[in-house]
Amino acid sequence: MTRLDYGPVAGLGAVRKTRDVEEPTRLTVNYVGATVVAFSFDTPSGNAPKCNGNRVHLWPVSADSVPFGRTAQNSAAITLETPDGDQSLTNVAITTGAYLLGYAVGPDAPETAWSTYLNVVASAYIPAAASAGLAKGRRHSAIRTIYVGTNTLVFHYTFLSGFDPRGSGAWVGLWPGKPDTYLQPPKWFAPIESGVSEQDAAINGVVLKSASPYTLGLFSSGFDKVAARLDLNRLATRVTFTADT
């Protein structure tokens with residue numbers, strides 16, 4: 001079936017264009033040796049990786065995707081409290097095969113969850129017998145606005161391939177302005193109700209004003225029906241935008 005996308009309709013005042021500025025979580029592999037993997041990470045401002053239980057996981061792989069159902073060969077906690085930095089995974093055993101490094105914005109999930117690694121939101125592929133091309137195969141979760149109305153916001157979210165948003169308790173939050181999303185609960189929020197890793201979704205019942213800035217955050221887990229109980233530390237990415245008539 002062919003998908004039909006209908007853009008803004010002339011004459012409808014509620015249809016608005018947006019300017020998106022995104023802050024995703026990114027992971028880069030900088031060096032691979034027989035017993036060490038050096039990497040750098042870049043997460044949204046305000047994140048405290050050590051305090052929030054951020055971790056990295058390493059798998060031997062045959063494809064450029066996170067094996068969410070398989071136990072990682074090596075794992076390590078991020079030891080820095082700055083939202084970006086570099087670190088090394090040591091005591092590994094790298095052979096000539098391919099590997100994948102994943103960055104999790106939270107600790108391991110219980111074994112009863114669909115995946116222990118449901119907070120992994122960015123990855124970096126290490127080709128077999130890696131000597132070049134380490135920047136290739138980098139993936140990260142993303143979010144962008146599609147339609148900004150007066151009372152509804154339509155957006156497109158992307159998690160890593162194979163991720164189950166519904167099973168993870170993934171959600172989105174929307175704030176007026178540009179607050180610290182790690183500390184302030186959102187004014188509007190909704191769960192990601194689909195089990196598909198990439199899809200369009202929406203938040204209804206919002207009140208959006210023209211020429212005003214807003215922040216939209218995508219979280220890998222921690223949804224709760226009560227705003228005060230939402231887990232604000234599992235932020236995968238966020239985007240700020242301004243609605244224009």
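Ala211 sits in the loop between strand 15 (198–204) and strand 16 (213–219); strands here are DSSP runs of E with at least two residues, numbered from the N terminus. Although Ala211 is not a glycine, its phi is positive, at about 65°. The model is predicted, so local features need pLDDT of at least 70 and side-chain atom pairs count only at pLDDT 80 or more, while totals for chains, interfaces and linings use all residues. Residues are numbered from 1 along each chain as its sequence is written, and side-chain values use heavy atoms, with hydrogens and water left out.

Asn91 also has a positive phi, near 60°, and is a residue other than glycine. Asn91 belongs to the loop between strand 7 (84–90) and strand 8. The table gives relative accessibility for four residues, where buried means under 20% relative accessible area, exposed over 50%, and partly exposed in between (1.4 Å probe, protein chains only).

| Residue | Relative accessibility | Class |
|---|---|---|
| Asn91 | 72% | exposed |
| Ala211 | 57% | exposed |
| Ala142 | 18% | buried |
| Thr145 | 7% | buried |

The side chain of Thr145 makes a polar contact of 2.9 Å with the side chain of Asp20. A polar contact is a pair of N or O atoms within 3.5 Å; within protein, one must be able to donate a hydrogen and the other to accept it, and residues adjacent in sequence count only if both atoms are side-chain atoms.

Apart from neighbours within four places in sequence, Ala142 is in contact with Glu22, His156, Tyr157, Thr158, Leu218 and Thr237, contact meaning heavy atoms within 4.5 Å. Ala142 and Glu198 are 56 residues apart in sequence, with a C-alpha to C-alpha separation of 9.3 Å.

Strand 11 runs antiparallel to strand 12 (residues 152–158), and 6 bridges join them; two strands pair if DSSP finds at least two bridges between them. A hairpin of 3 residues connects strand 11 to strand 12. Within this pair, Ile143 stands opposite Tyr157 of strand 12.

An open sheet is formed by 5 strands in the order 6-5-8-9-10, with antiparallel pairing. Strand 6 (74–77) and strand 10 (138–140) are at the edges with a single partner strand each, so one side of each has no neighbour in the sheet. From one strand to the next the twist averages 15°, with axes taken as lines fitted to C-alpha atoms and angles running from 0 to 180 degrees between N-to-C directions. Inside the sheet, strand 8 (residues 98–104) and strand 9 (residues 120–126) are antiparallel and joined by 6 bridges. Tyr103 has Ala122 in strand 9 as its bridge partner.

A nonpolar core is a set of buried Ala, Val, Leu, Ile, Met, Phe, Trp, Tyr and Cys residues joined through side-chain atoms within 4.5 Å. The largest one has 57 residues, of which Leu174 and Leu216 touch the most other members. Strand 8 supplies the largest share of this core, 6 residues. Another core, of 7 residues, lies apart from it and has among its members Trp171, Phe219, Leu232 and Leu235. Not counting residues up to four places away in sequence, Leu174 touches residues including Leu153, Pro186, Trp188, Ile203, Leu216 and Phe241.
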